[in-house]
Amino acid sequence: MPVEAAGIFSAVLEFPLNSSVTTLHDLFQSTGFVVARNVAICFAVVFWLGLALWVNRDARRRIGDPILVFFATLVGLVLPYIGPVVYLVFRPAETLDDVRSRRVELEALEQHLARSRQACPVCRSWIEPDYIACPVCATMLRQPCATCNAPVEPLWQVCPYCASAIAPSAVDLDAALTAEAKTITLVDDIPLVPQPETRAADA
């Protein structure tokens, strides 16, 4: 009797374990689990390749060196899911188009500032708006006002600083127009679009 009781007790203890193992084995071998597993693997592979493709496209937009683009794509492809994160940490903050547009804006601003500055009609050195004579070649640029000694343009009829009338005899229209034409010619010589530098071989 004690031997039979021990056998029944061991059989009772082993029955749940055997049944659970059999249930898990049947679950893993079932068609639904196999299909779900294959779909999950396909989704993971497609997502991995999509991230690598995104790394390649983003690197081409931000990096000008093809070798660095290749290494960035390699990092995104060799290290699944971790490579794109590493690339996000080290990628440039601006795209190449942003860098070009900022450079063009800076060049346009510099050209606008250069065009707004006046130049001497004789030696073409930069002069300030309140200069009466060119400090380089001593050319008289303006006449001082007889009342307030402020610099007066040759074509002005009234001093804008003290509202005093300027004598017509002091106005030389031919000289004033010639100086104005030289100034306009100097301003027109500055190109709006940066020109490529000419090499000695092309000259």
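Reader: Why does Phe43 count as exposed?

Author: This is a predicted model, in which local features need pLDDT of at least 70, side-chain atom pairs count only at pLDDT 80 or more, and totals for chains, interfaces and linings use all residues. Residues are numbered from 1 along each chain as its sequence is written, and side-chain values use heavy atoms, with hydrogens and water left out. Buried means under 20% relative accessible area, exposed over 50%, and partly exposed in between, with a 1.4 Å probe and protein chains only. Phe43 has 60% relative accessibility, and therefore counts as exposed.

Reader: Why is the aromatic pair of Phe70 and Phe71 called edge-to-face?

Author: Rings of Phe, Tyr and Trp (its six-membered ring) pair if their centres lie within 6.5 Å, and planes under 30 degrees apart count as stacked, over 60 as edge-to-face and the rest as tilted. The rings of Phe70 and Phe71 are 5.8 Å apart centre to centre with 65° between the planes, so the pair is edge-to-face.

Reader: How is each of these two residues classed by accessibility?

Author: Phe70 is exposed because its relative accessible area is 52%, whereas Phe71, at 46%, is partly exposed.

Reader: How many aromatic pairs does the ring rule give?

Author: The count comes to 4 aromatic pairs. One of them joins Phe43 and Phe47, which is stacked, at 6.2 Å centre to centre and 10° between the planes.
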